[in-house]
Amino acid sequence: MEINKEGATLKINNQEIKLDVLHDNVDITSIDISTLRAKTGILTYDPGFANTGSCQSSICFVDGEKGILRYRGYDIEDLVENCDFVEVAYLLIKEELPNKEQRLAYQDLLNKHSMLHTDMTLFFRGYPQRAHPMSILSAMVSSLSAFYPELDGDNPEDHLDLTVTRLLSKMRTIAAFTYRQSIGQDVVNPSYKYSYCENFLHMMFDSPVKNYTPDPKQVEALNKLLILHADHEQNCSTSAVRLVGSSAANLYASVSAGCCALWGKKHGGANQAVLEMLENIKEEGWSIDEIIAKAKNKNDDFRLSGFGHRVYKTYDPRAKIARKLCEDVLGDDAINDPLLNIALELEEKALKDPYFIEKNLYPNVDFYTGIIFHYMGIPSEMFTVMFALGRLPGWIAHYLEWNKDPYQKIGRPRQVYTGLNHRSVVPIDQR
Ligand code: ACO
């Protein structure tokens, strides 16, 4: 393979194939292989799509070697410091940060659409109390399309803006209601007097017998946590949203698929797995050395949850922010918090261990966020729901970008077939 200004030349089976080359805004070169099969009959093989760009996108930039994350050009550190979650959601979805008026108008609009249809609130009662909140969340998000079917009718693009607002607002309500269901308590409706994050905490924790007022420190922490999760380019759940959307499925159905993809413990389920791992270490009295040895053992499936990342080969910038946030939120309690102390020791020892050094395994976003959620009174089964709430604007932005993409095609990877070539059915009485 040769790459020069004219493109790439692939020499294969005595044939020279010319392929286009794309250069992105950060000097990464990509070879456009979309015509390769048509020209040669040859496929490319890339399990896990680790080397494949599936689209052109201007939403999020990740440099895994340098530990950089940007949304629409802004550093994650800048956004966490200077914006709230609604502003960042606006940025991802509408491409620019809002001014004051736009910000207030958006907040009002989100409040206006925050209620669920009464018939939908009845669904929650149908789930067993022990149901995993992600199973309820994904089903409820998909069910929204039954109540708001405009996107499946004529001119769906006329309704896209409203659908986006509904989804952003109602998914927060659904998330809080899944928690109320899990504790066997009536749902608490959103209130016009609260901001986006205040409203979520209000719906989670208010009670007829104990009035709850959102604590400004927790509201700030929640805003920052949601911003940290808001987008991460073509990760597993975002790719699921794009793939399902590429069949022309509606936004609700596509985001529901994103929720399902996020649920797994190799992805958004890792924050729950981290807390359970830390609690296990505490309860079973395991030493940090024993846990690290277990994670390194090839004959053991156990992995250090919250460590490693497909893209980051250095410290995940989100983990850095989350670690600091964790210490801030816990305040004076940080020094004696057993889970935080285990996490800090685990990180320190893992980062000095040759296995983790050679494989570039660093803490990822999930390593510290669970401790913060736990401290805020959010149970571990809800952690992935919290991740989903944060990732929602990113999913929406990618769905919208795909919709406008002039190169959009239904997602349909090929395969390397390893089955039998051909055989004939033997009649059932002769088998
Ligand atoms: N603990 C121990 N070993 C690990 C870990 C870990 N957390 N992560 C990766 N490794 C090892 C693998 O065993 C593998 O070793 P090998 O080359 O000897 O076979 C090597 O590192 C590479 O791992 P892969 O799974 O091939 O890397 P991949 O890029 O496919 O996976 C992933 C990345 C899924 C995040 C992985 O690091 C992992 O499972 N981590 C734990 C789960 C987790 O924290 N997930 C959250 C990710 S962040 C997010 O989704 C928001």
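Q: Where in the chain is Tyr417 placed?
A: In this predicted model, Tyr417 lies in the segment that follows helix H18.

Q: Why is Tyr417 called exposed?
A: The relative accessible area of Tyr417 is 53%, and since the word exposed is kept for values over 50%, Tyr417 is therefore counted as exposed.

Q: Why is Asn235 called buried?
A: Asn235, which sits in the loop between helix H9 (216-229) and helix H10, has a relative accessibility of 12%; the word buried applies under 20%, and Asn235 therefore counts as buried.

Q: Which residues does Asn235 touch, when those up to four places away in sequence are not counted?
A: With that limit in place, Asn235 touches His267 and Arg391, where touching means that heavy atoms come within 4.5 Å. The side chain of Asn235 also makes a polar contact, at 2.9 Å, with the side chain of Ser237.

Q: Which residues of helix H10 are buried, and what do they pack against?
A: In helix H10, which runs over residues 236-245, the buried residues are Ser237, Thr238, Ala240, Val241, Arg242 and Gly245, and they pack against helix H11 (251-263) and helix H18 (383-404).

Q: How do you know that the radius of gyration of the protein agrees with that of a compact globule?
A: For 431 residues, a compact globule would have a radius of gyration near 22 Å, and the protein has 24 Å, which agrees. The C-alpha trace spans about 80 × 65 × 60 Å along its principal axes, and the secondary structure comes to 18 helices and 8 strands.

Q: What share of the residues counts as buried, and what share of the contacts joins residues 24 or more positions apart?
A: Of the 431 residues, 49% count as buried, while residues 24 or more positions apart account for 70% of the contacts that have a separation of 6 or more.

Methods:
Residues are numbered from 1 along each chain as its sequence is written. Side-chain values use heavy atoms; hydrogens and water are left out. Buried means under 20% relative accessible area, exposed over 50%, partly exposed in between (1.4 Å probe, protein chains only). Helices (H or I, at least four residues) and strands (E, at least two) are DSSP runs, numbered from the N terminus. The radius of gyration is taken over C-alpha atoms; the globule rule is 2.2 Å times the number of residues to the power 0.38. A polar contact is a pair of N or O atoms within 3.5 Å; within protein, one must be able to donate a hydrogen and the other to accept it, and residues adjacent in sequence count only if both atoms are side-chain atoms.
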